[in-house]
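Let's take a friendly walk through this model together. Keep the 3D view open as you read.

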Amino acid sequence: MKKASKRSAGNSSLTVPGRSTYPQRGKSKNAKLATTRRKPVARKKAAAPKRKRSAPPPSRGWAGPILNWGGTFVVWGILILGLFLGYFAYTLPDISGIGVIEKRPSMVLQTKNGDRFTTYGDLYGDMLPIEEIPSSMKEAVLATEDSHFYDHFGVNPVSLTRAAWRNYQAGKVVQGGSTITQQLAKNLFLTPERTMGRKVRELLLAFWLETDYTKDEILALYLNRMYFGSGTYGIDAASRKYFSKPATQLTTAESAMLAGLLKAPTYYAPTLSLERAQNRASVVVGRMVDEDFLTESQALAVLAKPATLKNVSRDFRNVRYFADWAVSEVQSYIGRTDKDLIVTTTLDLQMQRDAEMALENRLKADSKLKDVEQGAFVAMHPNGAVKAMVGGRSYSKSVYNRATIARRQPGSVFKTIVYLAGFENGLAPDDTFTDGPINIDGWKPNNYTKKYNGDMSLREAYARSINTVAVKVTESIGRDKVADMASNLGLSGNFPLHPSISLGTNEVSLLEMTAAHAIIANGGTRVLPYAVLEIREKGGDVLYTRQSSGQGRVISASTVNKMQDVMTAAIKWGTGKAANPGFAAAGKTGTTQDYRDAWFIGFTPDLVAGVWFGNDNGSTTKRVNGSNLPAVAWKDFIQHSNTSQAIAFAKVEEEPDTSSLWQKIVNSFSKKPGSDADFETRTTANRINTYDYPDERTNRP
């Protein structure tokens, strides 16, 4: 047992917390050490010798970070600026065609004497080298637009800074700092939009221009290409437009006016306001003194005699009515073209002035009193050449041409067509008709006075503008004859065959009706109104030359003589006596229902003119009729115009009768109408409303 115990004791195990259990085989050094093991104790090492700490580098304060960050920013700034400028340089417009002018084709209208009165499109004059441009012109532009032009490199930083500051103070753009080079770059290659991108491109283009061109070349380009208002580009075109002479002949006062236009060409254009253009020119003269281009005494001399407009259109408010009509004629002759054209027209400037004055004088005196707002005037040679045209009271307010486009009822003026048809079908001025009541299936036309005068000659009936007799003439010869005569005379539109055709109920234009009366003035040959004599390219070929219209005779010489007879009576003692100029003249008044339209059309041996007064909306006037405003305006025009003042019309000779014997026999047996019996044989079942077209009446002779 003891042995067992010893063995057991010898084999007993010792448990150490935190460690594994190991068997103990006996008392050995290892076992003894195991029973007595503790945490190891660290040996103390020998202390290392202390190192000496090095002194810190001297401090650079705030300059160091700034230099470090500043350098970084500079590098990035240069990179970004390079990319920014590179983008705009890459997107610059094509600048290889600086010498190519892109413009609308121009058209210059002139009289046959060479006086230019209207232009269309973009006008360019001669491209002048710098040495041919007057010194006064160059100095005026330099003083006003860029006094340091010859000192900067395309951009003037001082001017830009000053302009930016003043604009900031004003809160809006009141001053520009662009140089002449910048302005040229903008106008040749860029749009006028106000954006940063456009300004950057403008600067780049200015640098390019300064690199590739001399200062003189840039200045010459500027003066030859800038816009000077009224469709003109360059000083030569502007000089010819405003002063009727080439730019090489400009005076100092004229140069100052042109230089002043550059700030706002449309606003300061002398054609719009001469006074405003002159005031602006005085500012330019002051700048020329400041820059020592003029002395005080020279400036005073220039200001004492400011430039005036010498363009021939300066005295006309409404010449564009004629010009627009002429342009439409040009297009019908040659079609559309991209060539610059010079068009010689039939316009007579003196007659145009007289027509405008005659119309405006009547409207100025009676417009409010008579409730009439508009008028129109046409004057032409008996062959159809239009000498003057006024399509309304003010072209600037309304471009609607009341002479060519507007169609109005002619009223009693249409009696000329009725009597022409009657005389052409055998009637004569001494034939007698009865002025009395008429009833055509219920239609009962009246005279202005509501009274009837009994028997009277056709001469008196026409001169007094008797409605009943005109209706009887139409019914006696046939309404179709009247409609055919209207068509043969060039009146467009339909002419329904109802009884009122004789009283002018069908609408016509003033130009057409005046041309119809020109046929009587020229002896019976049909007239085609025209404005264009010649069309040619600028400095080039003739594209069109006016030839004879070859319209041929449409009324006989006998009929012409008869019409001149009755129309002369109308002016001498009839409804048109207010138009009597005191020499040979013939005419006819016309007034429509409720005084909506008032006409007078007449002629002398070598001039035909027609006048109309009324309102665009067709409203009634206060008794404006053919015998007052139109007749007086016509007389004013005729007396001032350069027309024949013969005592009487020359009789038109009959042409030799070339008809066959059989035709002569047939004609000899033809019945001659001319009585109330003939009227009674022609009636109609058409029932029409009552029309009454009055004319002022005088006592019968």
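**Aromatic rings and a helix pair**

The structure holds 16 aromatic pairs, where rings of Phe, Tyr and Trp (its six-membered ring) pair if their centres lie within 6.5 Å. In one of them, Phe149 and Tyr150 have ring centres 5.0 Å apart and planes at 80°, so this pair is edge-to-face (planes over 60 degrees apart; under 30 is stacked and the rest are tilted). Phe149 is buried, with a relative accessible area of 1%, whereas Tyr150 is partly exposed at 43%; buried means under 20%, exposed over 50% and partly exposed in between, using a 1.4 Å probe and protein chains only. Elsewhere, ring pairs join Phe117, Phe322 and Trp325 into a cluster.

This is a predicted model, in which local features need pLDDT of at least 70 and side-chain atom pairs count only at pLDDT 80 or more, while totals for chains, interfaces and linings use all residues. Residues are numbered from 1 along each chain as its sequence is written, and side-chain values use heavy atoms, leaving out hydrogens and water.

Now turn to the helices, which are DSSP runs of H or I with at least four residues, numbered from the N terminus. The axes (lines fitted to C-alpha atoms over the stretch in contact) of helix 16 (residues 415-424) and helix 18 (residues 467-477) come within 10 Å and cross at roughly 40°.

Which residues of helix 16 meet helix 18? They are Lys415, Val418, Tyr419, Ala421 and Gly422, and they meet Asn467, Val469, Ala470, Val473, Thr474 and Ile477 in helix 18, with contact meaning heavy atoms within 4.5 Å.

Technical notes
Axes are lines fitted to C-alpha atoms, for helices over the stretch in contact, and angles run from 0 to 180 degrees between N-to-C directions. Helices (H or I, at least four residues) and strands (E, at least two) are DSSP runs, numbered from the N terminus.
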